Amino acid sequence: MIGTANPLIDRMRVYDPHVDGERLERAFELGKTAHAGQLRASGEPYFTHPVAVANLLIDMRLDVDTVITALLHDTVEDCGVKLATLAEQFGDDVAQLVDGVTKLSRIAIQSSPSSAQAENFRKLLLAMSEDVRVLLVKLADRTHNMRTLSFIRKEEKRQRIARETMDIFAPLAERIGVTSLQSELEDTAFEVLDAEMRQGIINRLDFMVSESEILIPMISVELQSKLEHIGIESSVNGRMKTPYSIWTKMQRKKVSMDQLADIMAFRVLVPDVSDCYRALGQLHLNYPTVMGRFKDYISTPKRNGYQSLHTGVIGPENHKIEVQIRTPEMHNIAEHGVAAHWKYKDPIQGINTLKIKWIQELVSILDEEAGADEFFEHTKLDLYKDQVFCFTPRGDLIAMPKGATAVDFAFAVHTKIGETCVGVRINGKTRQLATELENGDQIEILTETNAKPKAEWESFVLTGRAKSAIRRFIRAQRAFEFSRIGKALIQKIFREHNKSFRSRSLERALGAFGLTKLEELFVLVGEDRLSPRKVLEKLHPDTVTDESVPVRSNATRNNNKPSLTIRGDNSGTAVTMARCCHPLPGESIVGIFTTGKGVTVHTIGCATLSKFNDTPELWLDVDWEGDTTRMVNGRLNTVLSNEPGSLASVATVISQQGGNISNIQLSDRNPDFFHILLDLEVKDVEHMRTIIAVLQTNKYVESVERAANA
Ligand code: MN
């Protein structure tokens with residue numbers, strides 16, 4: 001029933017005498033074995049399907065790798081054959097092609113796009129078919145599945161497959177110029193989608209040309225002899241148009257079938273281009289022409305590469321007919337499109353060059369602007385090569401530029417979703433927000449109501465939309481911080497000079513700085529782009545001096561901060577404890593204005609402070625005060641003896657003294673000792689001193705001290 005690879009090899013030899021029959025045979029045997037025992041819905045052995053697909057591709061004169069791919073295209077998904085096995089036995093190229101076809105099939109199965117989404121879906125399939133041969137195998141696969149669709153029992157499934165064929169695969173076939181598959185895909189889908197309409201057209205056709213069985217050969221012969229008169233050798237092929245093409249023409253021209261009239265089409269093949277025009281002249285000389293039907297696709301090919309002369313004449317016996325005149329080469333391209341460009345007999349060109357050529361050809365065909373031809377009604381394809389297409393959880397397709405990340409996707413769905421996104425699941429798995437998206441990914445963005453964009457996103461997002469939204473947010477955030485710092489700095493210098501700080505008088509001076517808003521002035525000062533001294537001097541010219549020593553003053557305290565008070569009216573200022581010295585309540589401390597951060601508090605003895613000796617305006621008097629029950633973090637640098645129970649003993653001591661260990665960091669370990677950084681929550685510096693003192697009496701403790709400049 002299945003037989004051998006020989007018929008395939010024989011058919012390939014016709015156009016490729018050097019075909020590697022042994023390879024094809026091995027592929028045939030592998031496919032046959034892999035699918036052994038499996039049946040099609042028709043009851044036939046499953047392997048008849050890959051063989052039929054291979055035959056369709058041989059009709060298009062494709063190379064042996066494509067034919068092998070056809071034979072094996074379902075083995076990975078349905079039989080668990082490993083891609084590595086295919087690579088090993090048939091080379092990377094075949095493995096990649098099979099992988100491509102498998103991926104296309106998975107996409108097609110997991111989503112059933114609505115007609116509105118069809119265009120994006122076609123682009124997705126194109127983008128995923130990095131090698132055109134992948135698409136050709138998929139189209140041949142679909143063509144054979146449509147031929148056997150009637151064996152599928154469920155009406156609903158037949159409808160879905162037919163709809164998908166009509167919306168997605170037939171237009172794809174058209175787009176790459178494979179008319180031979182396109183018209184079959186359309187007509188088989190039409191049969192399922194609108195069986196009644198199709199049957200009606202067929203009945204009408206039968207009635208209109210009941211004598212078509214003799215009519216078509218008769219007209220063919222007459223056309224041929226007219227051309228022979230002027231010495232052109234031609235082959236003429238007549239056919240009835242397909243019900244689907246008649247139906248679309250009826251719809252497009254809004255006419256009935258009787259008005260349509262030219263339901264017979266004749267294809268005239270002549271040796272060369274000049275014969276095409278001579279043949280056209282001869283036909284126009286002998287038969288009345290139908291107005292508006294002449295088209296010269298030779299001088300202006302369609303964008304999928306199609307060339308021919310079209311005309312309509314009132315032909316033999318007053319039958320209105322359509323005539324297409326072309327050379328055999330043009331015919332090959334008309335039938336097989338991109339597939340016709342394959343070159344077989346050039347052993348010098350490596351496979352990779354050929355592959356690249358294929359891609360380039362496809363790109364050039366798809367990128368060209370749509371011509372003014374009536375057959376090409378589908379919307380123009382974008383530069384799909386630079387795009388990836390991803391699904392929302394609802395199955396909508398979203399096109400993104402290649403390299404886009406989950407965050408880009410979130411912003412593409414909605415700005416709000418981008419701003420509040422906190423995580424992402426890709427194909428059901430939790431991933432980093434920076435993950436680059438791939439074609440066909442299903443993306444679920446996780447959001448939290450109060451989440452905010454993160455500055456680091458800017459380093460990996462790709463789309464302008466995400467970038468500008470993140471920047472806008474960060475700018476607003478920074479402006480807010482800088483404005484607070486700027487205001488504090490201005491207030492401080494005013495205080496130091498015993499000038500009262502009044503927003504209104506400050507506002508009057510805005511013009512002098514070329515500003516209109518007080519906020520802008522604060523931001524400039526906060527960003528360190530304008531010194532607060534300049535502001536002071538502008539309002540109080542009497543204060544112009546040459547000072548180098550910071551003036552410290554104690555102004556009224558306020559109790560807004562529970563454990564720390566910054567002297568002066570700085571209640572809004574953000575306060576951070578310096579990580580170098582971990583100040584504790586009770587210790588002498590000083591605040592340093594840090595741009596973008598607010599005030600950082602250091603112990604008065606901290607070595608870091610020397611960095612700020614030259615910038616007295618950044619110093620700020622701060623003091624501990626208020627709620628002393630709040631615990632604060634301190635850090636101890638300890639060396640313990642390396643023996644069992646030492647750490648437990650230390651932890652016990654600390655907790656007995658009312659301290660909490662919040663973090664333990666082992667920094668170094670040798671046979672005798674280990675160095676440990678202990679982060680403790682304590683009440684104040686006295687509390688810490690007590691803990692240190694007790695620890696020093698512990699037998700396991702070699703040394704203990706406050707960590708500084710860690
Ligand atoms: Mn298949």
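This note walks through a predicted model, point by point.

1. **The manganese site.** Start with the metal. Four residues supply the protein donors of the manganese ion: His-49 (NE2), His-73 (NE2), Asp-74 (OD) and Asp-141 (OD). These donors lie 2.2 to 2.4 Å from the ion. Along the chain, the donors follow the spacing H-x23-H-D-x66-D.

2. His-49 sits in helix α3 (residues 48-59). His-73 sits in the loop between α4 (64-72) and α5 (75-79). They are 24 residues apart, and the pair links distant parts of the chain. Are these histidines buried or exposed? His-49 has a relative accessible area of 0%, so it counts as buried. His-73 has a relative accessible area of 2%, so it is buried too.

3. **The largest nonpolar core.** This core has 76 residues. Leu-24, Leu-57, Leu-71, Leu-72, Leu-86 and Leu-139 touch the most other members.

4. **Leu-57 up close.** Take one of those leucines. Leaving aside residues up to four places away in sequence, Leu-57 touches Leu-62, Thr-66, Ala-70, Leu-136, Val-137 and Ala-140.

5. **A second core.** A separate core holds 35 residues. Its members include Leu-489, Cys-606, Leu-618 and Trp-624. Keep Trp-624 in mind for the point on Pro-585.

6. **Aromatic pairs.** The structure holds 6 aromatic pairs. One of them joins Phe-28 and Phe-47 edge-to-face, at 5.1 Å centre to centre and with 80° between the planes. Phe-28 belongs to helix α2 (residues 21-34), while Phe-47 is in the loop between α2 and α3. The two are 19 residues apart, and their pair links distant parts of the chain. Both Phe-28 and Phe-47 are buried.

7. Tyr-244 and Trp-247 form a tilted pair, with 6.1 Å between centres and 40° between the planes. Both lie in helix α14 (residues 243-253). They are 3 residues apart, about one turn of the helix. Which residues do the ring pairs link into a cluster? They are Phe-190, Tyr-244 and Trp-247.

8. **Charges over rings.** The charged end of Arg-40 sits over the ring of Tyr-46, 5.5 Å from its centre. Lys-538 lies over the face of Phe-513, at 5.9 Å from the ring centre.

9. **Helix α19.** How many residues of helix α19 (residues 406-413) are buried? The count is 6 of its 8 residues, so the helix is mostly covered. The buried ones are Ala-406, Val-407, Asp-408, Phe-409, Ala-410 and Phe-411. Their cover includes the strands β6 (387-391), β7 (397-401), β8 (421-426) and β10 (443-447). It also includes the helices α20 (415-419) and α21 (464-496).

10. **Pro-585.** This proline is in the loop between β12 (575-577) and β13 (589-594). Its relative accessible area is 9%, so Pro-585 is buried. Not counting residues up to four places away in sequence, Pro-585 touches Trp-624, Val-632, Lys-683, Asp-684 and Val-685. Trp-624 is the residue named above in the second core. Pro-585 and Glu-686 are 101 residues apart in sequence, yet 8.3 Å apart in space, C-alpha to C-alpha.

Technical notes
Residues numbered from 1 in each chain as written. Predicted model: local features only at pLDDT ≥ 70, side-chain atom pairs only at ≥ 80, totals over all residues. Heavy atoms only, no water. Donors = N, O, S within 2.8 Å, 3.2 Å for Na, K, Ca; no water. Helix = DSSP H or I, 4+ residues; strand = E, 2+ residues; numbered from the N terminus. Buried < 20%, exposed > 50% of the residue type's maximum accessible area, 1.4 Å probe, protein only. Contact = heavy atoms within 4.5 Å. Phe/Tyr/Trp six-rings, centres within 6.5 Å; stacked < 30°, edge-to-face > 60°. Lys NZ or Arg CZ within 6 Å of the ring centre and 35° of its normal. Core = buried A, V, L, I, M, F, W, Y, C linked by side-chain atoms within 4.5 Å.
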